[in-house]
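Here are my notes for when you go through this one. Keep the viewer open and follow along point by point.

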Amino acid sequence: MPSSFPSRPLVRPLARALSTALFSLALGGPAALLAAGPAQAESRAVHSFHIPAGPLGSALPAFAAAADITLSFESEQTRGLNTRGLEGQYSTAAGLARLLEGSGLEAVHRGQGNYVLRRIPAAASGAETQLASIQVTANQLGEITEGTGSYTPGSIATATRLVLTPRETPQTISVVTRQEMDDFNLTSIDAVMAHTPGISITTMDSERTAYYARGFPINNFQYDGIPMTRNASYSAGNTLSDMAIYDRVEVLKGATGLLTGSGDPGATINLIRKKPTKNFQGEISLGAGSDDNYRTQFDFSGALNPAGSLRGRAVAAWQDRHSHLDGYARETTTFYGILEADLSPSTLLTLGADYQNNDPERSTWGGIPIFDANGKFNKMPRSFNNGAEWSSWRQYTRTAFATLEHTFANDWLVKAQFNHQVNGYDAPLGAAASGNPDPATGEGVSTWEGKYVGKTVANAVDVYATGPFELLGRKHELVLGGSHSKRRWTNQGYWTNGTQVSGYYDWNGHLPEPQWGRLPAANKYSDNEVTRESGIYAAARFNLRDDLKLIAGSRVLDYENETTKESGVVVPYLGAVYDLNEQYSVYGSYTTIFQPQSAQDQQGRTLDPLEGSNYEAGIKGSFFNGRLNASLAYFILEQDNYAEETGGLTPSGGTAYRAIDGVRTKGFEVEFSGRLTPEWQIHAGFNHKISRQQGEKVATLSPENQFTLSSTYKPAFLPGLTLGGGARWQDKTWDLVSDQNGNSVKHTMEHYWLLDAMASYQINRNLSANLNVTNLLDKKYHSIFSWYSTYTWGEPRSAMLTLKYKF
């Protein structure tokens, strides 16, 4: 097979299909879904070139201008390299291959006329240099962002399983790419969410955070498109995910019931894993930072046989993170392995597994009481740790996954995917967090003491077929599928009546650990809950005109757990995209919300499922051949059976809720991501929302207004240098909490700005250094855990220096 084609032979039937495409938007649809060949709509067009022999670094910009493409590369990649030039008529693919011949570089096409350069290894014999090639970095999950150097994605599939560009998707989606994660050292999912426009974070304690979008918590996660639900109360690893194993994180705003069935109204987080490469590549990084924060990471990928039909990747990361909190530390260990095998020219098998342990010392639980005994704000030092010396919320994840996909001669594809995931925890917890301290004596606070050991074992399978069909003389796209999942949560809980703390302001964590096994039966409980969910779904993208696309679909689902059983629930999806011109499109979409709830009322009855409707309309733009994407969206969420706290308790002592109808949320979102110039990248957004029920505001724990900016620039005065920064601002937030007398009062957190900074330098072709500073101005702010009437200080200023060696 010629080197200018990807390793998978299934591109041949796809190439025939692409040759009949009538317009470039088709490249974001099934073409990418079927791992298209070298993006022929752009690469096969013939141009006339008159490029003289000489320095490669000068010839490449001239080629890009003549071919009307975007070609990104570092000056170090071409330093000292020359080209024989190019004279005559060539396609983009052939011209690049000829221009790069003998350079040891290859052009990687990421869609929409955007190319980047990569170094390729020497030939196996070592006697010759491999000719430059054009690679495609796309699959059924969308385009891979690793190696593109971009802050914006090429294509995505989170919304409907149809692989579409952001402009072709009739919902708001925010993507944090591999490049943005690397630039800003976003090694945790918390850090990624902080960089995602429209997402706010509430810290419950040292091991638990909660994410909010459009005013509502996000508990729906996907891993390579397979849905999993987080149990927020018994957190088990979802919000501690290490980013070493992921190519990008996609956040789809609004309801996502077409693929997830039951789902959150605010957003769904889809984490897309890294994939193996045919060419060998490796990375080793070492990092050291403030408060004894150390990290190391290894990542190796490449072909495992001479033909390249078997490819593998292995990733390992270890971090020992101490903290500004007294006595707190957390060790995180992550492993990931994946294999891809071409079983035939049209059949691909993928097998993989990942593993993560999070082992903390002296975990906090809940936070700091908001009020002292006099009703004043209980202002404690940021270093104050309410946890006992033995307190530790250990969390772990274990995942195994497999996919099998086959492409037929008519360009239809069938894919089956299976995911087995275990999320577990072992949490002996103790914390000085109950009550209100007397400012004079330090009396009035007691401890919470409990132990919780459990896990959720989830199995999910999804099978679907997708491909083109013709109707009324036009080619359209169709997805037909079905899925089934089973989740079993088991838990063993222990608790004591707590211990009075003498001298709260001198608390140092000294507290005897209870003999958990010897507690009386009244102080123990267990859980064993099974949730089953299945459904069938269909979605079609109708090509009504060259400038008008209609996406219509629906899911019929069955849901069953210990308290809820629903059958035949229909979740519709309708979206339309109209191209105003080559750069702008307007869109609208509608879907419904169905989310079973675990919240109980004061009688212990589980609330009925949350139901409602999601409307969205807006305008999207794509500029500089897809190098920069922009969107403006207006949304309305209407909900019934919304869970609102009553201020009382359930019979088991938990927070009691009541279901209220008529909650209506309105808002808008603006977002930009990508390159403003070849040297300047940006990811920015502004979000506004208000939720009301009968005129009263609800969902006020997340801000009504929020701004996020991340940007980097490569100055010309020093090649290899990248400077960047970030800014995050959120409006004031508030919620009802209990004061020192047990009365329900409003507590407000004022608006605040956070600033970040980064600088990286490419020392040579392989070695780079990256310095990141978060909360540059050391802003002091806090979030609240209203259930417990406690608060937690935000992270103070910290710095991290990372050395990275790539080969």
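1. Two strands pair if DSSP finds at least two bridges between them. Strands themselves (E, at least two residues) and helices (H or I, at least four residues) are DSSP runs, numbered from the N terminus. With that in hand, look at Gly725: its bridge partner in S45 is Ala757.

2. Before going further, some ground rules. This is a predicted model, where local features need pLDDT of at least 70, side-chain atom pairs count only at pLDDT 80 or more, and totals for chains, interfaces and linings use all residues. Residues are numbered from 1 along each chain as its sequence is written, and side-chain values use heavy atoms, with hydrogens and water left out.

3. How far can you trust it? pLDDT is the predictor's confidence in each residue, from 0 to 100. The mean for the protein chain is 86, and 90% of its residues reach 70 or more. Over residues 121-136, though, the pLDDT is below 50. Residues 1-44 also stay under 50, and the model gives them 104 contacts (heavy atoms within 4.5 Å) beyond four places in sequence. Where pLDDT is low, the predicted coordinates should not be read in detail.

4. Back to strand S42 (residues 721-730). S42 pairs with strand S45 (residues 752-762) in the antiparallel sense over 10 bridges. S42 also pairs with strand S41 (residues 705-713), again antiparallel, over eight bridges; here Leu709 has Ala727 in S42 as its bridge partner. Seven of the 10 residues of S42 are buried, so this strand is largely enclosed by the rest of the structure. Buried means under 20% relative accessible area, exposed means over 50%, and partly exposed is in between (1.4 Å probe, protein chains only).

5. Three strands form an open sheet in the order S24-S48-S47, with antiparallel pairing. Which strands are at the edges? They are strand S24 (368-369) and strand S47 (782-785), each pairing on one side only. S24 and strand S48 (residues 790-793) share two bridges, and Ile368 stands opposite Tyr791 in S48.

6. Check the loops too. Most residues other than glycine have a negative phi. Arg214, in the loop between strand S13 (208-213) and strand S14 (216-217), has a positive phi near 55°. Asp411 has a positive phi near 70° and is found between strand S25 (394-407) and strand S26 (413-435). Is each of these buried or exposed? Arg214 counts as buried at 3% relative accessibility, and Asp411 counts as buried at 9%.

7. One more loop residue: Thr564, between strand S31 (548-560) and strand S32 (565-579). Its relative accessibility is 8%, so Thr564 counts as buried. Leaving aside neighbours within four places in sequence, Thr564 is in contact with Tyr559 and Pro609.

8. Last, the insides. A nonpolar core is a set of buried Ala, Val, Leu, Ile, Met, Phe, Trp, Tyr and Cys residues joined through side-chain atoms within 4.5 Å. The largest one has 33 residues, and those with the most contacts inside it are Met193, Ile269 and Leu271. A second, separate core of 26 residues includes Trp390, Val501, Trp507 and Leu511.
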